[in-house]
Amino acid sequence: MNARPDPELEAVADELMGIRDFESRVATVLRDTLDQLYDGQRTGRYKWDQLHKTEKTHCGTLVEINMQREFQFADGKKLDYKIANIEVDCKYSQKLGGWMIPVEARGELCMVIWADDGKSVWTLGLVRALKEMLTKGGNRDRKASLSQDGMSSVRWLFQESELPPNVLLQIPEADVNHIMGPKSGAERIRRLFRTVQGQRIGRGVVATVAQQADYMKRIRGNGGARSQLREEGIIILGQYEAHREIARQLGITVPGKGESVSARVRVSDSSTPDSVLIEGSWWCLAREVDSAVKAPDVST
């Protein structure tokens, strides 16, 4: 284990941890990068196994590019970035500890990133890639991975932080097949919000299910799923603060930026726990035994 003080590593760590909303912004970068690779709007893909080998290889480069775009890291002369005026190489791997360190990064600082879309977690750390911290062999490009001592020397800034969920990986495959079955994108979207209630549904999932240019239009009122599912007692809440407040009062998952959450509701009264006042009437979550009633209009 590397116990030697490393002022440059600490300076880079301090710089990163001083960035506003760094953790949530890294999570968004990784979510957007995976969705960019899946390209679900055009392909209908939503998981790593569906990617081609060349696309998987390209993922690390996309993470490097998108991290730099988001945080405006200066270009390095030798490595990917300059952070706190120190050269840093960015390495991403789909396997924790699978980062391949190139010859030019040996002895240098590396930002190592890993994400698991199925578990909705990601990890980021900093490590000085000293020769004695690397495995002996290496591949044809003479890239080497971190040894056990190398892994022990990583300064973790975040471990298993939350990745915005890919709900298509979290529901039974039979439900995915049911949602994706119809030819109509509008019907697939209705099935998505009818089947997956109380869970955060991101734009990437909506794009994958709709597979249409203006995929968010399929959620809205005025003929979209939000107005059509009202007849079944289902409301669709988005990122607007008014919608987030309705979700809080109903006691369900609160949608984040770019996310939607659906729920079936029934008429209640002010004394019913977890009730919310909408359009002059009180509403709470419906039970399985409750008949469907027309849900309130939450499109405005």
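Guide: Let's start with a term: a residue is buried when its relative accessible area is under 20%. By that cut-off, 51% of the 300 residues in the protein are buried. Bear in mind that this is a predicted model.

Visitor: What is the overall make-up, and how far does the trace span?

Guide: The protein has 10 helices and 11 strands. Its C-alpha trace spans about 65 × 40 × 30 Å along the principal axes. Counting contacts with a separation of 6 or more, 55% are between residues 24 or more positions apart.

Visitor: What makes a group of residues a nonpolar core, and which members of the largest one touch the most others?

Guide: The members must be buried, come from a set such as Leu, Ile, Met and Trp, and be joined through side-chain atoms within 4.5 Å. The largest core here has 36 residues, and those touching the most other members are Leu16, Leu30, Met67, Met111, Ile113, Trp122 and Leu124. At least two residues each come from helices H1 (7-17), H2 (22-38) and H4 (53-71), and likewise from strands E2 (81-83), E3 (86-93), E4 (109-116), E5 (121-128) and E6 (155-162). H2 gives the most, with eight residues.

Visitor: Which residues does Leu124 contact, beyond its neighbours in sequence?

Guide: Leaving out anything within four places, Leu124 is in contact with Phe22, Val26, Met67, Met111, Val112, Ile113, Trp156, Leu157 and Phe158. Apart from this core lies another one, of 23 residues, including Leu168, Val176, Ile189 and Leu192.

Visitor: Why is H7 said to be largely enclosed by the rest of the structure?

Guide: Because eight of the 11 residues of H7 (residues 185-195) are buried. Those eight are Gly185, Ala186, Glu187, Arg188, Ile189, Arg190, Leu192 and Phe193. Among the elements covering them are helices H6 (173-180), H8 (203-210) and H9 (225-228), along with strands E7 (201-202), E8 (234-237) and E9 (259-267).

Visitor: How do H6 and H7 pack?

Guide: Their axes are 8 Å apart, at an angle of about 145°. Asp175, His178, Ile179 and Met180 of H6 make the contact with Arg188, Arg191, Leu192 and Thr195 of H7. By class, that contact has three nonpolar, two polar and three charged residues.

Visitor: How do you know whether Met216 is buried or exposed?

Guide: Set the value against the cut-off: buried means under 20%, and Met216 has 16% relative accessibility, so it counts as buried. Met216 sits in the loop between H8 and H9. Beyond neighbours within four places in sequence, Met216 is in contact with Arg203 and Val206.

Visitor: What separates Met216 from Glu288?

Guide: They are 72 residues apart along the chain, with 29 Å between their C-alpha atoms.

Methods:
Residues numbered from 1 in each chain as written. Predicted model: local features only at pLDDT ≥ 70, side-chain atom pairs only at ≥ 80, totals over all residues. Heavy atoms only, no water. Buried < 20%, exposed > 50% of the residue type's maximum accessible area, 1.4 Å probe, protein only. Helix = DSSP H or I, 4+ residues; strand = E, 2+ residues; numbered from the N terminus. Contact = heavy atoms within 4.5 Å. Axes fitted to C-alpha atoms, helices over the stretch in contact; angles between N-to-C directions. Nonpolar A, V, L, I, M, F, W, Y, C, P; charged D, E, K, R; others polar.
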